[in-house]
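Please look over the sequence and the model shown here. A short report follows.

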Amino acid sequence: GGHFNPAVTLAVVTSSRGKCSSRDGTAYAVTQVLAGFAAGLLTRLFHIAGPNGKTAYRLAPGAHYGLMDAGLSEFFFTFVLAYVVLAVATTTPVPGTYKTKQNFQFALCIGSCVT
């Protein structure tokens, strides 16, 4: 499966379901963080080259919200995503219930948490 979020990778590794080893999980998480950093730098380069390159956009919670509100929201929705991934993508179906091990409903559930 795809590992795109370090928190979800941590959940899969610590679930003890044998879906991802500690070694692979560490490699995935380091890669995810480095890729996020590289994406931020690339976005910054595109921004500087654009027509509003001199304008700085501050990354902060919206009006009437603080860092605690943003942090709690991030924690809650990351928990929901990790829970859904653990519930649908790391479980083994009962033999005979599915014709294949891969089921599109798994992607639908996980995608619904992200959007």
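## Contacts of C20

Beyond its neighbours within four places in sequence, C20 is in contact (heavy atoms within 4.5 Å) with H3, V12, V13, G25 and Y28. This is a predicted model, in which local features need pLDDT of at least 70 and side-chain atom pairs count only at pLDDT 80 or more, while totals for chains, interfaces and linings use all residues. Residues are numbered from 1 along each chain as its sequence is written, and side-chain values use heavy atoms, with hydrogens and water left out.

## Nonpolar core

C20 also belongs to the largest nonpolar core, which has eight residues: V8, A11, V12, C20, L81, A82, V85 and L86. Such a core is a set of buried Ala, Val, Leu, Ile, Met, Phe, Trp, Tyr and Cys residues joined through side-chain atoms within 4.5 Å; buried means under 20% relative accessible area, exposed over 50% and partly exposed in between (1.4 Å probe, protein chains only).

Two or more residues of this core come from each of α1 and α3 (67–88); helices are DSSP runs of H or I with at least four residues, numbered from the N terminus. The largest share, four residues, is given by α3.

## Cysteines without a bond

How many disulfides are there? The count is zero, where a disulfide is a pair of cysteine sulfur atoms within 2.5 Å. The sulfur of C109 has its closest cysteine sulfur in C113, 7.4 Å away, which is too far for a bond.

C109 is partly exposed, at a relative accessible area of 32%. C113 is likewise partly exposed, at 24%.
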